[in-house]
Amino acid sequence: MAVVNRRGRTPSGPLTSIYSLQTEVEDLGLILDEFKGTQALFGWSYGGLIALLAANEGPLHQVIAYEPVMRPFGSHALPDLRAAEGTADWDATVEIVNRQIAGLDTAQVEALRADCQGWAALRHLSRPAHAELAALNLAPPPEEMARQADGVDLIIGQCNHGTAPYGTSFDDVRQRVTRAEATSFPVRGTWPPSRRRRSSATCSTASPLSDEQPCRRHDLVQLERVSLMV
């Protein structure tokens, strides 16, 4: 089994100017080629979107998507994220994502900032935020995804159930993935932590790969043999 460290985060390479969701799907295809006979593919948030898209490229027995995010999602924040990226202002990027997208208030953001080590990690994780959010908002609609999956499970955390932005994005996916084998259910528990309590600096909890060319290189993929996730 494998956990995929996606493009844009160490130890994988940076994103490129030709980055798109198809890049992510092709990168994941490398992993699936290495792990023939994969029975289940799990993705969380942005990774859930990638998992659903990957199930268009080849047959998969089961796709499990935890709070997959779909367009339109956070598109109102794209101009500010682009400006912050242009000046490499990662403090601003973290604040934009957490305030404009995740919906945290000033006190919550300042509490995050007070944790120097945690804030530094969020600054580092925020660098692909604009590119990933832009790619997300170019994704096909949910009814065009997971066409080669035998089964699809959609999962929503209790704290996000029915609330914007993650719960409402989930509801859109649930309502539009209409195949009989697609099921959805809320879960109570502490993993993954609710993004209302643990805010992420990017639109993804999973990490991105990269090179100057579209990636089909094994040395760009960092793996841990734990469980197959994106």
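View A. Buried means under 20% relative accessible area, exposed over 50%, and partly exposed in between (1.4 Å probe, protein chains only). Strands (E, at least two residues) and helices (H or I, at least four) are DSSP runs, numbered from the N terminus. Strands β3 and β4 run parallel and are joined by 6 bridges; two strands pair if DSSP finds at least two bridges between them. Ala65 stands opposite Leu154 in β4.

**View B. The nonpolar cores.** A nonpolar core is a set of buried Ala, Val, Leu, Ile, Met, Phe, Trp, Tyr and Cys residues joined through side-chain atoms within 4.5 Å. The largest has 52 residues, and those with the most contacts inside it are Leu21, Leu28, Tyr46, Leu49, Leu52 and Leu81. Helix α2 (residues 46-54) gives the most to this core, with 7 residues. A second, separate core of 5 residues includes Phe42, Trp44, Ile64 and Ile155. Beyond its neighbours within four places in sequence, Leu52 is in contact (heavy atoms within 4.5 Å) with Val63, Ala65, Pro68, Met70, Met145, Ala146 and Val152.

View C. Arg71 and Pro72 are joined by a cis peptide bond with omega about -10°. Pro72 lies in the loop between β3 (60-66) and α3 (78-86) and is exposed, with a relative accessible area of 70%. Its C-alpha atom is separated by 5.8 Å from that of Asn137, 65 residues apart along the chain.

View D. The bond from Ala164 to Pro165 is cis, with omega near 0°. Pro165 lies in the loop between β4 and α8 (166-176).

View E. Ser45 is not a glycine, yet has a positive phi of about 65°. Ser45 is placed in the loop between β2 (40-44) and α2 and counts as buried at 0% relative accessibility. Glu67, also a residue other than glycine, has a positive phi near 50°. Glu67 is in the loop between β3 and α3, and at 2% relative accessibility it counts as buried.

**Notes to all views.** Residues are numbered from 1 along each chain as its sequence is written, and side-chain values use heavy atoms, with hydrogens and water left out. In this predicted model, local features need pLDDT of at least 70 and side-chain atom pairs count only at pLDDT 80 or more, while totals for chains, interfaces and linings use all residues.
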